[in-house]
Amino acid sequence: MKISVFGLGYVGCVSLGCLAKNGHHLTGVDVNSFKVDLINKGQPTILEKDIDTIIKDGHEQGRIKATLDAKAAVMETDLSIICVGTPSSPQGHLNLSYIFKTAEQIGEALKDKDRFHVITIRSTVLPGTNEKFGKIVEEFSGKERGKHFSVVSNPEFLREGTAVKDYYNPSVTVVGGDHEQALEMVASLYQELDAPIKKTDIKIAEIIKYVNNSYHALKIVFANEVGNICKSMDIDSHKVMELFCSDTHLNISPAYFKPGFAYGGSCLPKDLKGLVTLGHDNYLYTPVLSGIEASNENQKKSAFELVTKSGKKNICFVGLSFKEGTDDLRYSPSVDLAEMLIGKGYNITIYDENVHMSKLIGANEAYINERLPHLSELLSTDLEEAIKNNDVIIVNHRNFEGCKYFDLLKEKEVIDLVRVDELKELPQYAGLCW
């Protein structure tokens, strides 16, 4: 394939070399004549392991060249990859002027091009950039998105120092777009790599790198705060985290990574508080660990606000325990939500097949007697009747079989805290964070 790469910085140079190594013909485009001259001499624009040899070989084989002429590059290629810089402001906003200037250049070039052209954004951009990029191309070309060109989002996950290795060994390749032919063309660039290719929505492709890198930053800070606590108690923090990472069932796994309601139960709140207290007792500042509970409380507040927006006062809870399959009410976020609503004058009905007053004992009984002392008056054993007699249905257990009550639920406002997918078809449905 004939490909033009706009921006000959880190990502652009690696993309140029690796795609040429895979047999494609590349034209690099940059406003910096020094970078263009380097590529045309068979030299890389960056210092990175193996890239010098790759660029040299690609140039000698006639597969790599560079130019200052954006129009010429677009006219002679089938696909343009955007790798221009998107520097960040101190406030976290991106400077997208280089991205949009490139859109103008490509738009101008497409005025005189008859063939369908695919544009791929590799630069790290915020959601919505792809759409705006396409509108600029339409404005400057007079052409129509989807008919004469398409814009695909294809985020890169390259780390400095291992960029070439990362290019050829990704965990996943992400392509987001709204045109199947364009998606197939971009996906074909990576068909030789031993990694799944995930086709997705444009905005998902745009945000995923921000989510990835924010989580990586969180992992580093989490490990450092654990390390500081361990050091203060003369514990080997590296042995602790080595043991932590050996659990691939829960710790290093997809477990818990589903946006939804707050955590609860007898373990997580207690043990988190215990670890934070250890740090405090040793005069350590642990803002990430200390901030977890505050974020969890905010999720309860978000659920409360969803209910108040309904304007209805009769509320049915489907599930009260902190998760399905248990009657453990200790620190259940649903108990807190019910308590908040009762305090504001709402009428509450609760259905939970596992919660029976006669079977609550010990700490579980003591907890609910303190928080919801009149629970026996709120419990219902007939879910169908509970739904019929209320205006808002709050679903807090994933095992709720909504299809059985679909016709009844059509007339209700449904607030889903756990994402039961079949409920999304209801006319008055609201997901907590989706």
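This is a predicted model: local features need pLDDT of at least 70, side-chain atom pairs count only at pLDDT 80 or more; totals for chains, interfaces and linings use all residues.
1. You will find K56 in helix α3, residues 51–60; helices here are DSSP runs (H or I, at least four residues), as are strands (E, at least two), numbered from the N terminus.

2. Residues are numbered from 1 along each chain as its sequence is written, and side-chain values use heavy atoms, with hydrogens and water left out.

3. Now look at the backbone of D50, which has a positive phi of about 75° although it is not a glycine. D50 sits in the loop between α2 (33–40) and α3, and it is partly exposed at 38% relative accessibility. D234 also has a positive phi, of about 60°, and is not a glycine either. Its place is the loop between α9 (202–232) and α10, where D234 is exposed with a relative accessible area of 75%.

4. Where do the residues listed under "binding site" lie? UniProt, in an unreviewed entry, gives a list that includes R159, K209, F257, G264 and K323; such annotations may be inferred rather than shown by experiment, and their positions follow the numbering used here, with feature names shortened. The listed residues span 167 residues in sequence and the farthest two C-alpha atoms are 42.4 Å apart, so they do not all gather at one spot.

5. Let us zoom in on two of them. F257 lies in the loop between α10 (237–245) and α11 (268–281), and G264 is found in the loop between α10 and α11 too. Is G264 buried or exposed? G264 is buried, with a relative accessible area of 8%. Leaving aside neighbours within four places in sequence, G264 is in contact (heavy atoms within 4.5 Å) with P269, F322, R330, Y331 and P333.

6. Finally, the record's unreviewed entry has a domain annotation, "UDP-glucose/GDP-mannose dehydrogenase C-terminal", covering residues 316–422. Over that stretch the chain is 33% helix and 15% strand, and the end C-alpha atoms are 19 Å apart.

Conventions
Buried means under 20% relative accessible area, exposed over 50%, partly exposed in between (1.4 Å probe, protein chains only).
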